[in-house]
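Dear colleague,

Please find the structure below, handed over for your own work. My findings follow it.

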Amino acid sequence: MAIVGTGNIARFHVEALRSLDAPVRIVAGVDLDAGLATSFCAAHGIPFADTDVERALTHTRPDVVHVCTPPGAHLAPARAALNAGAHVVVEKPPTLSLRDFDALADAQPAGGPYVATVFQHRFGSGARRIRALLDAGVLGRPLVARCDTLWYRPDAYFDPPWRGRWETEGGGPTMGHGIHQMDLLSAVLGEWTRVSALARRQARRTATEDLSVAHVSFANGAVASVVNSLLSPREESYLRFDFEYATVELTHLYGYGDDDWRVTPAPGHEESVTAAWKAGEHGRNSGHAAQFALVADAVREGSVPPVDTAEARRTMTLVAGVYASAFGGRPVGPDDVGPGSPHYENMRGDGPPWTEET
Ligand SMILES: NC(=O)c1ccc[n+]([C@@H]2O[C@H](COP(=O)([O-])OP(=O)(O)OC[C@H]3O[C@@H](n4cnc5c(N)ncnc54)[C@H](O)[C@@H]3O)[C@@H](O)[C@H]2O)c1
């Protein structure tokens, strides 16, 4: 593996890769900041440090490149990796826009190498259990859901120049933070059909929103309310699914274990739901390691590693839909953010109603 962008999240990648049962070797660390690349590689025993992706690819020939740069700097190293025959594991959000995402997906040759997006909350046991029970019919139809990302980021959080700006971060909490919860919502409920949303800049001096609120309809008939906030002093990530036969809730902040899930059967379904919930997969926390284990298996087997581009695109489309509805002042569907829409070109589209920039 090689790592491009040796800032904050890169450490989690190294720790997760080193924790896998089947060993992987990290052969290179690349950062525009030469001092950072060198110190990161020295601290983690990585043999090759460089500032140039192409040179690192040529010199170390990794099988997989982990792209841990800021969102606006994902596309170029990801394409370089694919061109060099390496799979890509790209941090969320994978690109700044749907247009760039499609360019990245199109750069995957038939048969691989492939692009996987980091959405680690799909891979804890609880998320895998809920999907297995849903597929088995134990939970019945999904009816209504809540998806709350109630986080707190003070003004100082936005000091790094790439934060809070459309050009470099692609959006506020909808794109950068709530995307984790919206991805899990989307992994459970599938295709969305319509979204009606508001976005506000309530309190932070950002160019992007610091709050969005949305109602989402899904093709399976379920509806969800979604809140993405960076203004919430009591922080919480909360997902709630009311199925016909049970309520399933997840309450955590940045990662969950089995104890963070709660299941409440509907009257008459106590035995079947409780037995299936107990018998389902347990013991794996959400986190980078849970996803990377499956990515490593897929790379060894030659299959498509998760989260593949079709799945990641659905989540990106929902994010674009929230902005399109909020800034257009009307409900929108997935077709409204396709090619030809300003929200396809970038998440902000023709822009929010506020004008002050950071
Ligand atoms: N999955 C998660 O839970 C999670 C959590 C935090 C951050 N992230 C994502 O990880 C990514 C990085 O975030 P971070 O907090 O580590 O940022 P960061 O600013 O701490 O680190 C980014 C690093 O990339 C380097 N860089 C910038 N452009 C580059 C380029 N073109 N080539 C090589 N290096 C370059 C910078 O010098 C910096 O060292 C973002 O996409 C962010 O959204 C994901």
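What is the volume of the second largest pocket? The value comes to about 220 Å³. Among the 13 residues that line the second largest pocket, Met1, Val24, Arg25, Asp63 and Val64 are the closest to its centre. Please note that the model is a predicted one, and that every value in this message is computed from it.

As to the make-up of the second largest pocket, its lining holds 8 nonpolar, 1 polar and 4 charged residues. Helix α11 provides the largest share of this lining, namely 3 residues.

The largest pocket has a volume of about 1,200 Å³. Its lining is made up of 43 residues, of which Asn8, Ile9, Lys92, Trp162 and Arg163 are the closest to the centre. Sorted by class, this lining comprises 21 nonpolar, 15 polar and 7 charged residues. Three helices, α1 (8-18), α4 (75-83) and α11 (288-301), each contribute at least two residues to the lining of the largest pocket. The greatest contribution is that of α1, with 4 residues.

The protein chain is split into domain 1 (2-119 + 301-306) and domain 2 (121-284 + 313-344). Their C-alpha centres are 26 Å apart. Across the two, 16 residues of domain 1 make contact with 23 residues of domain 2.

How many disulfides does the count give? The count is 0 disulfides. For Cys41, the closest cysteine sulfur belongs to Cys68 and lies 12 Å away, which is too far for a bond, since a disulfide requires the two sulfur atoms to be within 2.5 Å. Cys41 has a relative accessibility of 3% and therefore counts as buried, the limit for that class being under 20%. Cys147 likewise counts as buried, because its relative accessibility is 0%.

With kind regards

Conventions:
Residues are numbered from 1 along each chain as its sequence is written. This is a predicted model: local features need pLDDT of at least 70, side-chain atom pairs count only at pLDDT 80 or more; totals for chains, interfaces and linings use all residues. Side-chain values use heavy atoms; hydrogens and water are left out. Buried means under 20% relative accessible area, exposed over 50%, partly exposed in between (1.4 Å probe, protein chains only). On a 1 Å grid over the protein atoms alone, a cavity is a set of points where a 1.4 Å probe fits but cannot get out, and a pocket is an open set with protein on both sides within 12 Å along at least five of seven lines; lining residues have an atom within 4 Å of a point. Grid points are joined across faces, edges and corners, and a volume is the space filled by probe spheres set on the points. Ala, Val, Leu, Ile, Met, Phe, Trp, Tyr, Cys and Pro count as nonpolar, Asp, Glu, Lys and Arg as charged, and the others, Gly among them, as polar. Domain bounds come from an automatic or database domain assignment. Contact means heavy atoms within 4.5 Å.
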